[in-house]
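Thanks for coming. I will take a few minutes to walk through one structure, starting inside one chain and ending at the contact between two chains.

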Amino acid sequence: MRGSSMACSTLAREDFLRLAGGEITFGIVKNLRHYQLIKNELLLEALRRTVHACAGQDEAAVIDAATGTLGEVQATHPSVAAKFMTLPQFGSWAAECLFRLRGLLSAPQIDALPPLSIHLGRAATFAAAAAIEAGHPFDLTVPLHAGGFSLPGLGMMYLEARGWGRCWRNGDGALVAAGSRTAAVPAGRADPAHEGGKGWVPVPRITAQAHGLAIDVGIEILDPVVQRFGSISHFGQDEHGLWQERLAEAWQILVSNDRQAAEAIASVLTTIVPLREPRKGYPTSATSGWAWGAAALSLPPDPLSLAETIVHEFHHLILGALDDIIALMAKVDRRLYYAPWRDDARPLPGLLQGCYAHLGVTGFWLRQRRLSSGRARQRSDVEFARRSQGAFEAAETLAASGALSEAGQAFAARMRDRLAEWRREPVCDLARLDASEIAAEHRIRWRLAHVRPSPAIIDRLARARLGGSPTPPNVARTPTAAVRPHCPLPSIRFRLLELRYRDEARFRRLIEAETTLDEADTALLRGDDAAAETLYRRRIEAREDLDAWAGLILVRHRNVSAGTGRLLRERPEFAVALYRRLNTLSDTAHDPAALVAWLSEDPASTR
Amino acid sequence: MTESSGDLENGLAVLTGMSLLDLAKVDDVVLEDALDRLLPEPGEVGDRLWDKGGCAQ
């Protein structure tokens, strides 16, 4: 095969279905990586042609020189060229430039980018980095970034210069020059003589080994494209040590959990972008379909959470690569959907991505249950019960959406079947109850924030209520009304419910001593349902308070027998809308708790 | 969903094994056809950024 060191075929149907079932092997990943290389080559060539068609001669010369050098490296050192052209920075950069030139970016997005010539000139940094690693002679004009030469995947040579410089290789090695300064680029990333040498800052790396399996990841904080992931964390020596320590422990967990998957992860995850937490205690992580091999994340609080996050983000990368070669959507679907793991409303591609990531995480916790005992086992049980339930629900939504392609339909069906199989695993009652309550809290809060019921249905409910009907009419099967990308409600109660099983001691301390917590929430979390109901009701009667409604409905959910109260469980938003409607129809004060109790009665026709 | 070989239809298969130099010789129509599969449609999530923002982790 020309152009690549990776021989492979197109994707076999059985491998496609393995992926859908959460079985990701090194062999399949190698095949996906091959197509990531082809994709990025295609982006570069399309960019080159677009530049010739619609940019100036100078821009065309820059991109031609870089492409020419990369082509030369590819001819003699295909694996080196492949390494640099599959870097996450490369795909992100190429896609961004192409979108820019083809008018696919918004004005604010373009405003955030460097001038076009600098933006395009970054092609030369990839070509230079590949040529340096291959020992191939070259001579390129390269744009400077943050006062130096950024060589993607290798490091940064600071020269305190701006604009453009020159990067070349002769018999003495690689050199960079800008203004009046010239410096030698160290050969090889691990050359200790140059570590921390004058002006040269190599890409920091974190590594780990467990049971003979190694992972080696670069930390990217300088490349301009990483800014798209969020707010980049400071990464000094202390942070380096923390990440190194946590990865070492997480890697032990991952290799023990699933060696086959760990082998695949080690071959894909080349780059971590360290992020700041948006708020203290609120970890974040992300991947991009244009940035193969990169996961951006804040440092998780413990090794188990890091292992879970790596599994989660790894699945996003895999599905992104699959989506590049096989169309999973049949059409653009503008509807928004409920995802049991998100506070916002999701478009269908987002739901598919999240579902796949949670399929992976469900498998992780399934195996982790078998490896743990005591409190760790309890946590694994709850996580498993939560993830399997949420992902299964999402897979069913996907399969029923009517917007997937034939391949997408097969993928969703396989995910659903695998999750259905996993859900038959026995889980202790306590874990199932915890999982069920967290799921209920999330669904109630999400529906109150995002779903607006039909006025006609609410009128029907109001007439029944005012007419003295002992049960509500059977309206549970009415179609879901508009879903809006509404501002999410606060999630503090949800976070505390999670803390209850993840760190019970801290949970106890908080609800006993933390004075800033809402007293109704505190009563709920202490298990004092009567007090919680009274306190939520007072909040609702004092002012419009959706968060209090969510708490009140959750109290009711706790006290409704399994298999009953379907209307309130599936349509909690009816309670709020009905309360508002009754208050406009009559002068009588209506008791929110009584309304919620009434809605939780099953209609006579369904008994 | 499947081709006669049992492999899945693959939007990039036509370019398999091509180097950058090979790609430079590919006809515009073939190149754009392969690219069309990758570029976002208006209204699609073009940045393909999958984050856990607001996510119930």
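Let me begin with a strand in chain A. Buried here means under 20% relative accessible area, exposed means over 50%, and partly exposed is in between, with a 1.4 Å probe and protein chains only. Strand β10 covers residues 271-275 of chain A, and 5 of its 5 residues are buried, so the strand is largely enclosed by the rest of the structure. Helices (H or I, at least four residues) and strands (E, at least two) are DSSP runs, numbered from the N terminus.

A word on the source. This is a predicted model, in which local features need pLDDT of at least 70 and side-chain atom pairs count only at pLDDT 80 or more, while totals for chains, interfaces and linings use all residues. Residues are numbered from 1 along each chain as its sequence is written, chains are lettered from A and ligands numbered from 1 in the order in which they are written, and side-chain values use heavy atoms, with hydrogens and water left out.

Which strands pair with β10(A)? One is strand β9 (residues 213-219) of chain A, which is parallel to β10(A) and joined to it by 2 bridges. Two strands pair if DSSP finds at least two bridges between them. A:Ile219 has A:Ile272 as its bridge partner in β10(A). Another is strand β12 (residues 294-298) of chain A, also parallel to β10(A), with 5 bridges. There, A:Thr271 stands opposite A:Ala294.

Next, helix α16 of chain A, residues 492-502. Of its 11 residues, 9 are buried, among them A:Arg493, A:Phe494 and A:Tyr501. What do the buried residues of α16(A) pack against? They pack against α12 (374-400), α14 (429-450), α17 (504-513), α18 (519-526), α19 (529-542) and α20 (546-558) of chain A.

Helix α20 of chain A also holds A:Val555. This residue is buried, with a relative accessible area of 1%. Not counting residues up to four places away in sequence, A:Val555 touches A:Leu524, A:Asp529, A:Ala532, A:Glu533 and A:Tyr536; contact means heavy atoms within 4.5 Å.

Now the charged pairs. Over all chains the structure holds 50 salt bridges, each being a side-chain nitrogen of Lys or Arg within 4 Å of a carboxyl oxygen of Asp or Glu. In one of them A:Arg387 pairs with A:Glu308, with 3.8 Å between the closest N and O atoms. A:Arg387 is in helix α12 of chain A and A:Glu308 in helix α10 of chain A, so this pair ties together parts that are 79 residues apart in sequence. Is A:Arg387 buried or exposed? A:Arg387 is buried, at 4% relative accessible area, and A:Glu308 is buried at 3%.

A salt bridge also joins the side chains of A:Glu437 and A:Arg558, at 2.7 Å from N to O. A:Glu437 lies in helix α14 of chain A and A:Arg558 in helix α20 of chain A, so parts 121 residues apart in sequence are tied together. A:Glu437 is buried at 8% relative accessible area, whereas A:Arg558 is partly exposed at 24%.

The side chains of A:Asp545 and A:Arg543 meet in a salt bridge of 3.3 Å, N to O. A:Asp545 counts as buried at 4% relative accessibility, and A:Arg543 counts as exposed at 51%. Both belong to a network of salt bridges whose members include A:Glu441, A:Arg493 and A:Asp518.

Last, the contact between the chains. How many residues does each chain bring? Chain A gives 70 residues and chain B gives 48 residues. The area buried between them is about 5,000 Å², with 56% from carbon and sulfur atoms; buried area is the accessible area (1.4 Å probe) that two parts lose on being put together, summed over both. The rule finds 2 salt bridges across this interface. B:Glu32 forms a salt bridge with A:Arg102, with the closest N and O atoms 2.7 Å apart. On the side of chain A that touches chain B, the largest share, 12 residues, comes from helix α2 (residues 26-54) of chain A.

Strand β11 (residues 285-288) of chain A and strand β1 (residues 49-51) of chain B run antiparallel, joined by 3 bridges. A:Ala286 stands opposite B:Asp51 in β1(B).
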